[in-house]
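Dear colleague,

Please find the structure below, together with its sequence.

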Amino acid sequence: GTKQNKTDFLLDLDEGARVIVSVEPLKLKGIPPSLCDLIGNMLDCKSGNFSEDETYHQMIDVRNDLRLMLDKPSKFLHNPGIEK
């Protein structure tokens with residue numbers, strides 16, 4: 001399935017409990033969609049929901065995406081139409 005509109009993530013806590021976490025409040029506060037997607041992808045990794053093209057497999061990948069957002073914000077941070 002696609003993750004384009006997914007904002008809720010089910011996380012398993014160490015104590016065996018489950019919690020739903022949403023990036024929607026971040027979007028409502030004006031956080032750029034690409035940063036919300038990055039956070040959502042990291043939450044997917046934590047919950048074990050791996051998508052081949054969107055999931056971060058190593059922290060270096062997160063760092064690289066953050067570096068792109070810092071170095072070229074008009075292209076990678078503020079452009080909601082970019083594809084990974």
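A salt bridge is taken here as a side-chain nitrogen of Lys or Arg within 4 Å of a carboxyl oxygen of Asp or Glu. The model is a predicted one, in which local features need pLDDT of at least 70 and side-chain atom pairs count only at pLDDT 80 or more, while totals for chains, interfaces and linings use all residues. Residues are numbered from 1 along each chain as its sequence is written, and side-chain values use heavy atoms, with hydrogens and water left out.

There is one salt bridge in the structure. It joins the side chains of Arg67 and Asp71, at 3.3 Å from N to O. Both residues belong to helix α3 (residues 59-71) and sit four residues apart, about one turn of the helix; helices are DSSP runs of H or I, at least four residues, numbered from the N terminus. Arg67 is partly exposed, because its relative accessibility is 42% (buried is under 20%, exposed over 50%, partly exposed in between, with a 1.4 Å probe and protein chains only).

Within α3, the buried residues are Val62, Asp65 and Met69. They lie on the same side of α3, because they cover an arc of only 65° around the axis, taken from the directions from the helix axis to the C-beta atoms.

The largest nonpolar core has six residues: Leu38, Cys45, Tyr56, Val62, Met69 and Leu77. Such a core is a set of buried Ala, Val, Leu, Ile, Met, Phe, Trp, Tyr and Cys residues joined through side-chain atoms within 4.5 Å.

Yours sincerely

Definitions and conventions:
Helices (H or I, at least four residues) and strands (E, at least two) are DSSP runs, numbered from the N terminus.
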